[in-house]
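Hi there,

Here is the structure I promised to pass on to you. Please open it first and then read my notes alongside it.

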Amino acid sequence: MPSLSEQMPSLSSRLSQLASRLGFSARGARARQVLEQASRVRLPFQPLPEPSPSIFWHDGPPLQYLLELPRGALSGPVKDDKDRAHAALQRLVTRESEFHAAFDLRLVDGVGGHGIPGTPLLTLEAFAATPECRRLRIISFKDCMRALRTALPVIDSETPVELRQATWLGERLFWAGDHHVDAFASAIAYARLRGLELMRPARLTDYRLDLGGLQTLDQTYHVLAMPAPAWNDRQFMSLLLDDRTPYARLTLLRSEGNSELLLLEKRHPIADALGEGLKLAGAPDMIGYLRDLPRITRFRRGNTLE
């Protein structure tokens, strides 16, 4: 039986196979050189964090921001390169809204805002049991409605309650408010406990990853998560800048180990070689990460909620 080292191709062999597949031999020796050098970059790459169950909307990947991404959000030396990357990113997410004349707010199981560091909360009931919420002292229907009016001053009007869901956050349904989330969560938890119906007009906004946009991005770009030390690393920055490689940078993920996304155009031989080499070096592939995210929401567009 062959040994493990015999079964696994050497880095040199993998590089040769990759260079041949990409046609670098026809594009020039420099592209192959960049591929080899990038594959040996030593940076503290970390895997992209999987979305963890949380009642807080902002604990998940903030992909909804790609819909209205300002052009100035991307950095890089060449405006045209940034504009192309910007256009590709904006096609990744779609959004549609539905109005519902009567929606039972007890179905909501998430809120806006950020979670408490080190304290994972999976249900509104768990949040309502924290000292922050218990100080509201909801012990009657009157207390419940008082808390709900604190979070939703328009609760007694026909103004719809804003709700949202996202495929990458699974089947959880979120209230769109970021303020007084303790009051909202406590009121909903009490209403569920006591069987109190809370029917209100609601507008449900549905965010989805667009598979066509993701496929187009994959065909045209490497999108890699780079750690903060990369931008001060002489070897990496030399590879990025010496050949005037077209690229764009975007700060999107709030992850300690992944400071920015690096977008490299595959149609450019040097940029393509750099992207492939960095993947071999361990750079996380954002496109693969997005492809593996959930694609489920509780309420699908066009379906009734009953």
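This is a predicted model: local features need pLDDT of at least 70, side-chain atom pairs count only at pLDDT 80 or more; totals for chains, interfaces and linings use all residues.

Residues are numbered from 1 along each chain as its sequence is written, and side-chain values use heavy atoms, with hydrogens and water left out.

Helices (H or I, at least four residues) and strands (E, at least two) are DSSP runs, numbered from the N terminus. Two strands pair if DSSP finds at least two bridges between them.

The open sheet has 4 strands in the order β1-β7-β8-β6, and the pairing is antiparallel. At its edges are β1 (74-75) and β6 (221-226), each pairing on one side only. Strands β7 (residues 247-250) and β8 (residues 260-265) are joined by 4 bridges; Y247, for example, has L264 in β8 as its bridge partner.

Helix α11 (residues 234-241) lies across β6, β7 and β8, with contact meaning heavy atoms within 4.5 Å. It runs at about 35° to β8; axes are lines fitted to C-alpha atoms, for helices over the stretch in contact, and angles run from 0 to 180 degrees between N-to-C directions.

Lastly, 10 of the 13 residues of α12 are buried, meaning under 20% relative accessible area (1.4 Å probe, protein chains only). Among them are I270, L274 and L278. Just after α12, G282 takes a positive phi of about 115°.

Happy exploring!

Definitions and conventions
Buried means under 20% relative accessible area, exposed over 50%, partly exposed in between (1.4 Å probe, protein chains only).
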